[in-house]
Amino acid sequence: ACCVIMYKVMHWRRNDTMDISALLIYVLIQGITPGPSNFMALYTSATLGIRGARGYLFGTMSGFFVKMLLCGLLNIALASLVPGLVPILKWVGAAYLVYLAVSIFLSGKKEQPEKPMVAATFMGGILLQALNMKSWIMGLTLFSLYVVPYTTKMLDILFWSVITLAIMFSCTLIWAVFGNSIKNVYAKYRLPLSIGMSLLLLYSAVKAVL
């Protein structure tokens, strides 16, 4: 797999077309910066540990991968549709983030849960990605600026979707590992930390509609 990646990267560099470094930097910045998916990874791991967060992590990454494929394969169609859908999707997404914030706040008032709340499961991760405007815009920007102008081959679209997924999963995993590292602290100061995470999600909701 590594050999294939190196071959493809060198191939594009020889053609002097796609700006690989700019693409990778863009994806890395988008992946590591705070956002709904990362906040939920932090919360889920802090509450249930890495093992308990596996369902959410695989769900959100599965949703993200499908999203990247759609942004790549249907870039022109999506680019024409998104301006009309954004006003609707951003409010729906913001409403879901508010719901998550309230759920986290309410869970902070309870004892350590034995089961994750629905939003922290595999299907919850997929739903969050479906309503996460940050990653929709990221995917459309990524393919419209860095990939589709230079190649429209399905294999190339798949390749860059996989590379983007690997980077995003690594970034989200960093947030999850940090959440797992503060698991004992979170258990001790459950309410104030839940309030803090709820406020972060509310901030994300406000930013989504502004």
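Helices here are DSSP runs of H or I with at least four residues, numbered from the N terminus. The model is a predicted one, in which local features need pLDDT of at least 70 and side-chain atom pairs count only at pLDDT 80 or more, while totals for chains, interfaces and linings use all residues. Residues are numbered from 1 along each chain as its sequence is written, and side-chain values use heavy atoms, with hydrogens and water left out.

Inside the protein there is 1 cavity of 30 Å³ or more, a cavity being a set of points on a 1 Å grid over the protein atoms alone where a 1.4 Å probe fits but cannot get out, with lining residues having an atom within 4 Å of a point. The largest cavity holds about 120 Å³ of space, and among its 14 lining residues Gln 30, Ser 37, Asn 132, Lys 134 and Met 168 lie nearest the centre. At least two lining residues come from each of α2 (20-32), α3 (36-73), α6 (133-147) and α7 (154-181), and α3 gives the largest share, 5 residues.

Rings of Phe, Tyr and Trp (its six-membered ring) pair if their centres lie within 6.5 Å, and planes under 30 degrees apart count as stacked, over 60 as edge-to-face and the rest as tilted. Tyr 43 and Tyr 186 are edge-to-face, at 6.2 Å centre to centre with 90 degrees between the planes, and the count by this rule is 5 aromatic pairs.

Key:
On a 1 Å grid over the protein atoms alone, a cavity is a set of points where a 1.4 Å probe fits but cannot get out, and a pocket is an open set with protein on both sides within 12 Å along at least five of seven lines; lining residues have an atom within 4 Å of a point. Grid points are joined across faces, edges and corners, and a volume is the space filled by probe spheres set on the points.
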